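Good morning, and thank you for coming. Please look at the structure on the screen while I go through the helices, the salt bridges and some individual residues.

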Amino acid sequence: MKGLDKESLGRRIAEVRASHELSQEALADRLHVSRQTISNWERGKTLVDVQSLASLASELDMPLSELLGEEQARAAREGTEAARRELAIIYVVQALLWVPTIVLDLTERLSGVNMLWVWCALLVVCAPLAWRAWRLERDYDLRVTREVVSFLETGELPADDGRPEGHRVLEFMGAIVILFILNALLDAFF
């Protein structure tokens, strides 16, 4: 994304922190992160996540657009839109792969064909997609399905107050376990 690189954003954070006469330690305490995290942001070693960026703007009583500067704010909006599109594509692709495979598995079981190779191939294809979806959800601090749906529909990021703990990766892993249990049960009875 043009304009929103780690180095320029880090310099901007350092400038704003210095203009508010805050040390890295003081800012880290206010944001509930380590001083090393602030240092890494400012030196451009790591990119600040969206939630921390919003918290930083809130702690410094300034709009996010002012904190980022206009070019960085535009790049952040474009990045959010790109993440929304990518996440939507991942979910559509996974649905297009999983649903027909489950239906095929049920119909093939009745004829006695072994579908293990199909399930293995599906896992090889879907695992990287699931990993990327999990990374995007984590980057945008989307913890439950309701937050993911809201983000996909409106681009709205979740508020911090009263949010459930945990993460969707547990839901995904639970769904995979349930599918394999159902598969084993179908093997036992058919």
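The protein chain has 9 helices and 0 strands, where helices (H or I, at least four residues) and strands (E, at least two) are DSSP runs, numbered from the N terminus. Read from the N terminus on, the order of elements is α-α-α-α-α-α-α-α-α.

Two remarks on the source are needed before the details. This is a predicted model, in which local features need pLDDT of at least 70 and side-chain atom pairs count only at pLDDT 80 or more, while totals for chains, interfaces and linings use all residues. Residues are numbered from 1 along each chain as its sequence is written, and side-chain values use heavy atoms, with hydrogens and water left out.

Of the 190 residues of the protein chain, 36% count as buried. Here, buried means under 20% relative accessible area, exposed means over 50%, and partly exposed lies in between, with a 1.4 Å probe and protein chains only.

I begin with helix packing. At what angle do helices α2 and α3 pack? Helix α2, residues 24-31, and helix α3, residues 35-42, pack at an angle of about 110 degrees, and their axes are 8 Å apart. The axes are lines fitted to C-alpha atoms, for helices over the stretch in contact, and angles run from 0 to 180 degrees between N-to-C directions. The two helices, α2 and α3, are therefore roughly perpendicular to each other; the classes are roughly parallel under 35 degrees, roughly antiparallel over 145, roughly perpendicular from 65 to 115, and oblique for the rest. The crossing of α2 and α3 is right-handed, a term used if the near helix is turned clockwise from the far one by less than a right angle, whereas anticlockwise gives left-handed.

I turn now to charged pairs. Side chains of opposite charge can pair when their charged atoms come close. How many salt bridges does a search of the whole structure find? The search finds 7 salt bridges, each being a side-chain nitrogen of Lys or Arg within 4 Å of a carboxyl oxygen of Asp or Glu.

One of the salt bridges joins Arg84 to Glu81, with the closest N and O atoms 2.8 Å apart. Arg84 and Glu81 are separated by about one helical turn, because they stand 3 residues apart in helix α6, residues 70-111. Is Arg84 buried or exposed? Arg84 has 15% relative accessibility and so counts as buried, whereas Glu81, at 35%, counts as partly exposed.

Another salt bridge is formed by Arg132 and Glu86, whose closest N and O atoms are 2.7 Å apart. This pair links distant parts of the chain, with Arg132 in helix α7, residues 116-139, and Glu86 in helix α6, 46 residues apart. Arg132 counts as partly exposed at 34% relative accessibility, and Glu86 counts as partly exposed at 29%.

A further salt bridge brings together the side chains of Asp139 and Arg138, at 3.5 Å from N to O. Asp139 counts as partly exposed at 31% relative accessibility, and Arg138 counts as partly exposed at 39%.

Next, two pairs of residues considered by their C-alpha atoms. Leu123 is placed in helix α7 and is partly exposed, with a relative accessible area of 38%. The C-alpha atoms of Leu123 and Trp98 are separated by 9.6 Å, and the two residues are 25 residues apart along the chain. Leu142 lies in the loop between α7 and α8, the latter spanning 145-154. At 0% relative accessibility, Leu142 counts as buried. Its C-alpha atom is separated by 7.7 Å from that of Leu157, 15 residues apart along the chain.

Which value does phi of Glu21 take? Phi of Glu21 is near 55 degrees, a positive value in a residue other than glycine. Glu21 lies in the loop between α1, residues 6-19, and α2, and counts as exposed at 73% relative accessibility. Phi of Asp61 is near 50 degrees, likewise a positive value in a residue other than glycine. Asp61 is found in the loop between α4, residues 50-59, and α5, residues 64-68, and counts as exposed at 73% relative accessibility.

At 51% relative accessibility, Ile178 counts as exposed.
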